[in-house]
Amino acid sequence: MNNQTSGFSRFLLLWCGELISSIGGGLTSFGLAVYVFNETGSAASMAVVSLLAFLPTLLLTAPAGVLADRFDRRLLMMIGDGCSGLGVCYILVCMLTGHASLTQICIGVTVSSVFSALLEPSYRATVTDLLTKEEFSKASGMVSLAGSARYLISPALAGFLMAASDIKLLLVIDIATFIVTVITTGIVRQGIVSAKSGEHDSFFSSFREGWRTIARNRGILILTAVSGIMTCFMGTFQILAEPMILDFTDSRTLGIAETVCACGMLISGLFLGIKGIRSGYVRILSLSLAFAGIMMALFGVKQNIYLMGGVGFLFFAMLPFANNCMDYLMRTNIPDEKQGRAWGLIGFLSQLGYVAAYGLAGLLADFAAERMHVTVGRGSACIVILSGALLFALSAVTPLFRSVRALEKGTSQ
């Protein structure tokens, strides 16, 4: 009993460090988006920074997971947290010595992202090392909450801080959070031995096995594609909402609006955690995607912060319903012994939607603004409205596939 208590206490210390780190990372992400837009007036430039902050972590997560099974997980977390701060320090130094160019910011966020890839697999594996099975469920909710802090707390906080100072304050705070998390991880590290895996399958063999599991079931393959497309639209919304709002108001209002929108996911997530969904998964998936598409289109109709905050809240409130339904439909049709590899590949393919959004949304918004002779904010609005219409179309097409409907009965082929 004492060991269990000690394990959960150490988890709480580790969790507090990651919560602080998540908030700090959110401050930097928000501040850089505002800074780059103010300096360049380009949605594409904002998107490039977001892409470089995301892509290295996506590509390196699988190799980082292998390292987490073979080396000291807490040491990897300390290296990941500490060295990712080097990228932020580089950007801060550039700003303090004059002016941080777009190229310098891209270098900084790339360095930070590369080392951040070490963190997530080791962090989640450490939770397993510290806790009993009975404590996993509670810990999972807390881990999700900490990860959401960068969307729920950071934007509004960053908006207020930037109104009083500038982006350099946000970067200093973020650097301080790296120091805190390295210290907390070092404390937790003492006296814990990582569980080493006896199996060392290559990444490519795991990839092939996961792909075969997905490809054998057409319904799962279709839902994986739907998940990737939905992620692409979500990424488009996240990227273009910022220039749309900054087009007619300030960073403080933007921060509050982003927090309000993100609360939609929090509220619906809590509702699903209490009530859950017990039937009609395909129908609820279709309805949630349809409603999300309508809200996304309405977001771009008018420059009114109250309208945008309200429909943004409703858009994000629909996403947990769609994710919950897709998760259930796929999870109940994947053999237990193939779950890990299949979900690893499904997660990777789904996240590619963000890559597409970050790579294309900004360019399309700038192109629309130039051709229509409007501001970048209104060009972004056109792309968001179009994306909402396409998301609505996706909601209508998805339930037409018989293999998808069959997933609800566990008979898909």
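In these legends, contact means heavy atoms within 4.5 Å. The model shown is predicted.

**Figure 1**
Of the 413 residues, 49% count as buried. Among contacts with a separation of 6 or more, 86% join residues 24 or more positions apart.

**Figure 2. Helix 3 and helix 4 meet along their sides at these residues.**
Helix 3 covers residues 73-96 and helix 4 covers residues 102-116. Their axes come within 7 Å and cross at roughly 175°. That makes helix 3 roughly antiparallel to helix 4, because angles over 145 degrees count as roughly antiparallel. On helix 3, the residues that meet helix 4 are Ile 79, Gly 80, Cys 83, Ser 84, Gly 87, Val 88, Tyr 90, Ile 91 and Cys 94. On helix 4, the partners are Gln 104, Ile 105, Ile 107, Gly 108, Val 109, Val 111, Ser 112, Phe 115 and Ser 116. The residues of this contact divide into 11 nonpolar, 7 polar and no charged.

**Figure 3. Glu 18 is buried and has no salt bridge.**
Glu 18 lies in helix 1, which spans residues 2-40. The nearest side chain of opposite charge belongs to Arg 150, 9.3 Å away. A salt bridge would need a side-chain nitrogen of Lys or Arg within 4 Å of a carboxyl oxygen. Leaving aside neighbours within four places in sequence, Glu 18 is in contact with Met 77, Asp 81, Leu 119, Tyr 123, Thr 181 and Thr 185.

**Figure 4. Lys 168 and Asp 166 form a salt bridge.**
The count for the protein comes to 2 salt bridges. In the one shown here, the side chains of Lys 168 and Asp 166 meet with an N to O distance of 3.0 Å. Lys 168 has a relative accessible area of 28%, so Lys 168 is partly exposed. Asp 166 is also partly exposed, because its relative accessibility is 30%.

**Figure 5. Arg 331 and Asp 327 form a salt bridge within helix 13.**
The N to O distance between these two side chains is 2.9 Å. Both residues lie in helix 13, residues 305-331. Arg 331 and Asp 327 are 4 residues apart, about one turn of the helix. With a relative accessibility of 40%, Arg 331 counts as partly exposed. Asp 327, at 28%, counts as partly exposed.

How values were computed. Residues numbered from 1 in each chain as written. Predicted model: local features only at pLDDT ≥ 70, side-chain atom pairs only at ≥ 80, totals over all residues. Heavy atoms only, no water. Axes fitted to C-alpha atoms, helices over the stretch in contact; angles between N-to-C directions. Helix = DSSP H or I, 4+ residues; strand = E, 2+ residues; numbered from the N terminus. Parallel < 35°, antiparallel > 145°, perpendicular 65-115°, else oblique. Nonpolar A, V, L, I, M, F, W, Y, C, P; charged D, E, K, R; others polar. Buried < 20%, exposed > 50% of the residue type's maximum accessible area, 1.4 Å probe, protein only. Lys, Arg positive; Asp, Glu negative; His and termini not counted.
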